[in-house]
Amino acid sequence: MIEVVSASGADDPAVPERADDRIASIVQALLSSAQLEIPDDERDEIVRDYSLLRSQADALFAAPSDVQPAMRFNPFAPFLDRPPADASADSAQTS
Amino acid sequence: MTASDHLTIHEAGAQLRSGHLTSAELTHTLLERSRLFNETLGAWVEITAEAAMEQATRADADFSSGVDRGPLQGIPLAVKDIVAMKGAPTTANSRVLDPDWGSDTDAPVVARLREAGAVLLGKSTTMEFAMGEPDPSMPFRVPRNPWDITKSPSGSSSGTGIAVAAGLALGGVGTDTGGSVRGPASANGHTGLKVTFGRVPKSSVVPLACSLDTVGPMARSAHDCALLLESMAGYDPSDPDCATVSVEAYSAALDGQVEGLRIGLPIPYFFDHADLDPQVLAGVLACVDVLVDRGAISVNTEVPHAHTAMGANRVIMMSEAYSYHRNNLVARWSDYGRYTRTAIARGATFSAGDLAQAYRFRRFFASEVAEVLRCHDVLITPTTPTTASDAESEPNAWLQGPSFLGQWNLVGLPAVAVPAGFAASGLPISLQIIGRPFAESTILKLADALQRVTSHHLAVPPVDHLEVITA
């Protein structure tokens, strides 16, 4: 986790550079696993925003969540006494 | 500028029926303005002038022979260029989309507008695949804000927003996955409705994120959005997400009466965020006061986990967008626009667990919002924390700041962006009214009530003073 790298190096001025390198390595690995060959400057843009987006995704694990995920999400079920049969969601659109 | 440039749909309909104006005259005027300003404002990808004039002539002939298909007959509209429309290519502002995609097809929403007698002026500019940002190196015009061309018109339904604000169309079709109808409505100073998920069919619309995408109306007034929605809404079997909930007579419900309606103002995050422009805050609260003066009841409240919900919307949007584009990103990276490809590729950095957790959080957040809306008929927030940003601001800067928009896509709720005044810079301010599922009539009723006693939505940007650039 990025947070571990940053926290462990809080008193070491050399660590931020290592943390940046570590993030770049993580992003490069993720993009490579997705078979995305990206020019360095464009990969750097993704690296730049990675920590921000990672923190937003990590926040989801810290927040409450529904413990019984359904195969088909109906966003309106909580608004109704019983789930409507006519307002389903979450299936992919084909074009 | 002529008198017909900045009519509302409602006003134009009255003039068409009284014989003071023909659809051909109105369409011709808007086409001329589009030709004059399109190089500067970048509203249109394709203007289908000949077909539009034929449709207008047909509408006039119908009026003359006593055939009246309803309030959209003879009304010139814009269609966002990710929505299939016969007679015009769908590009999604991209070199990647198959040129034959949607060819000779009307999306159900377009077919409905055509059946209602509307005049389809052409395909309006979108951010590439409704996700990217303008890229001058691409073979598409860069959209500009008609209030100040150094400012962004926002996106991704930029072209429809510009066309409505600048008097190039009386209304049109946009799509909203994380704010793409309401953002342009805010930046360009008009009304825009993000509908309930499933309210309008999204078949034959290039997807961005399938569990968040909606198709909605954009126009100068709430009344006009109601008229458009009456034609656009309703079940279509080609969209598996489309609801069979009956379509209301939205415009008939606009009676200006708001007595007793309970407005919740979610203060944390939406009203106390450090990035909220004080002028935006003041404009929104002044409009709330107008509604309270007319009998609505305003109560401070809280929507828990609003910031987390913004993040969840981004995780889902980027992941679903990435899934749609992954193969083309691998094979045709350089054919995508410079900022589109990096924006979509960010979806590859989320894990399957991230996405599953976002779906689980969404269910929880829906319950929280439902609880809030048990006590309030609607919520009101600023639509955006600031007025329009600089057109040359850093690409993907939107990732950095707060958003008041994606939370409602996350849980599928309807939300309408409504002009709420102007900042000292002259740029529009906008508020957002959020309602319960399929309660478009309620939020439009409040928006219309506000617009009956304010004129922010009727203000006209100074495009006639622009230096005209020819192609």
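This is a predicted model: local features need pLDDT of at least 70, side-chain atom pairs count only at pLDDT 80 or more; totals for chains, interfaces and linings use all residues.
Visitor: What is the area buried between chain B and chain A?
Guide: On contacts, 65 residues of chain B meet 44 residues of chain A. Carbon and sulfur atoms give 59% of the area buried between the two chains, and that area is about 4700 Å².

Visitor: Which element gives the most residues to the side of chain B that touches chain A?
Guide: Nine residue pairs are in polar contact across this interface, both residues being at pLDDT 80 or more. The elements giving two or more residues to the side of chain B that touches chain A are α9 (306-332), α10 (338-345) and α11 (352-375) of chain B. The most comes from one helix, which gives 16 residues, namely α11(B).

Visitor: How many salt bridges are there between chain B and chain A?
Guide: One salt bridge joins the side chains of A:Arg54 and B:Asp354, at 2.8 Å from N to O. A network of salt bridges also links A:Asp41, A:Glu42 and A:Glu45 with B:Arg338 and B:Arg341. The count between chain B and chain A is six.

Visitor: How many of the eight residues of α10(B) are buried?
Guide: Among the buried residues of α10(B) are B:Arg338 and B:Arg341, two residues that also belong to a network of salt bridges with A:Asp41, A:Glu42 and A:Glu45. The helix α10(B) is mostly covered, and its buried residues number seven.

Visitor: Why are B:Glu32 and B:Arg35 separated by about one helical turn?
Guide: The two residues form a salt bridge in which the closest N and O atoms are 2.5 Å apart. B:Glu32 is partly exposed at a relative accessible area of 37%, and B:Arg35 is likewise partly exposed, at 48%. The separation is about one helical turn because B:Glu32 and B:Arg35 are three residues apart in helix α2 (residues 23-41) of chain B.

Visitor: Is B:Lys445 buried or partly exposed?
Guide: B:Lys445 forms a salt bridge with B:Asp255, the closest N and O atoms being 2.7 Å apart. This pair links parts of the chain 190 residues apart, with B:Asp255 in the loop between α7 (222-232) and β7 (262-266) and B:Lys445 in helix α13 (residues 440-453) of chain B. B:Asp255 is partly exposed at 36%. Because B:Lys445 has a relative accessibility of 17%, B:Lys445 counts as buried.

Visitor: Which backbone oxygen does the side chain of B:Thr125 reach?
Guide: B:Thr125 lies in the loop between β3 (119-124) and α5 (158-166) of chain B, and at 2% relative accessibility this threonine counts as buried. Its contacts include B:Trp44, B:Asn93 and B:Arg141. At 2.7 Å, the side chain of B:Thr125 reaches the backbone oxygen of B:Gly42.

How values were computed: Residues are numbered from 1 along each chain as its sequence is written. Chains are lettered from A and ligands numbered from 1 in the order in which they are written. Side-chain values use heavy atoms; hydrogens and water are left out. Contact means heavy atoms within 4.5 Å. Buried area is the accessible area (1.4 Å probe) that two parts lose on being put together, summed over both. A salt bridge is a side-chain nitrogen of Lys or Arg within 4 Å of a carboxyl oxygen of Asp or Glu. A polar contact is a pair of N or O atoms within 3.5 Å; within protein, one must be able to donate a hydrogen and the other to accept it, and residues adjacent in sequence count only if both atoms are side-chain atoms. Helices (H or I, at least four residues) and strands (E, at least two) are DSSP runs, numbered from the N terminus. Buried means under 20% relative accessible area, exposed over 50%, partly exposed in between (1.4 Å probe, protein chains only). Lists of a residue's contacts leave out its neighbours within four places in sequence.
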